[in-house]
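Have the sequence and the model open as you read.

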Amino acid sequence: NDVYATMRVHLKSDTSATRTVTLGNTIKESDTTTLPISLDNIGTEKVYEFWSFDGGITVYLRYLGSF
């Protein structure tokens, strides 16, 4: 039903290798977000926001920035 939820995720790769984060098929990304998420091996930190307004049936994703 009409349940809204939001979550921010802060990702950081270790410095030993690049990492790839894959997500399920129900994720809809914004124009500024590219899937899958790639994390470099120098420890760059990336922040993403996820939200849903239909109880998690469809999840939206927006890239907020890297630090």
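Predicted model: local features only at pLDDT ≥ 70, side-chain atom pairs only at ≥ 80, totals over all residues.

Residues are numbered from 1 along each chain as its sequence is written, and side-chain values use heavy atoms, leaving out hydrogens and water.

**The strand and its partners**

Strands here are DSSP runs of E with at least two residues, numbered from the N terminus. Six of the eight residues of β5 are buried, so the strand is largely enclosed by the rest of the structure. Buried means under 20% relative accessible area, exposed over 50%, and partly exposed in between, with a 1.4 Å probe and protein chains only. Strands pair if DSSP finds at least two bridges between them. β5 runs antiparallel to β1 (residues 5-12), joined by eight bridges, and pairs with β6 in the antiparallel sense over six bridges.

**Salt bridges**

A salt bridge is a side-chain nitrogen of Lys or Arg within 4 Å of a carboxyl oxygen of Asp or Glu. By this rule the count is four, and the table includes three of them.

| Pair | N to O distance |
|---|---|
| Glu49 and Arg8 | 4.0 Å |
| Lys12 and Glu45 | 3.9 Å |
| Glu49 and Arg62 | 2.3 Å |

Within it, Glu49 is buried at 11% relative accessible area, Arg8 is exposed at 61%, and Arg62 is partly exposed at 37%. Arg62 is also the bridge partner of Glu49 in β6.

**A buried lysine**

What is the nearest side chain of opposite charge to Lys46? Asp40, 6.4 Å away, so by the cut-off of 4 Å buried Lys46 has no salt bridge. A polar atom of the Lys46 side chain does lie 2.7 Å from the backbone oxygen of Ser38. Across the strand pairing, Leu11 stands opposite Lys46.

**The nonpolar core**

A nonpolar core is a set of buried Ala, Val, Leu, Ile, Met, Phe, Trp, Tyr and Cys residues joined through side-chain atoms within 4.5 Å. The largest one has eight residues, among them Leu11, Tyr48 and Phe50. β4 (37-39), β5 and β6 (59-66) each give two or more residues to this core.

Definitions and conventions
Lys, Arg positive; Asp, Glu negative; His and termini not counted. Polar contact = N/O pair within 3.5 Å; in protein donor to acceptor, adjacent residues only side chain to side chain. Helix = DSSP H or I, 4+ residues; strand = E, 2+ residues; numbered from the N terminus.
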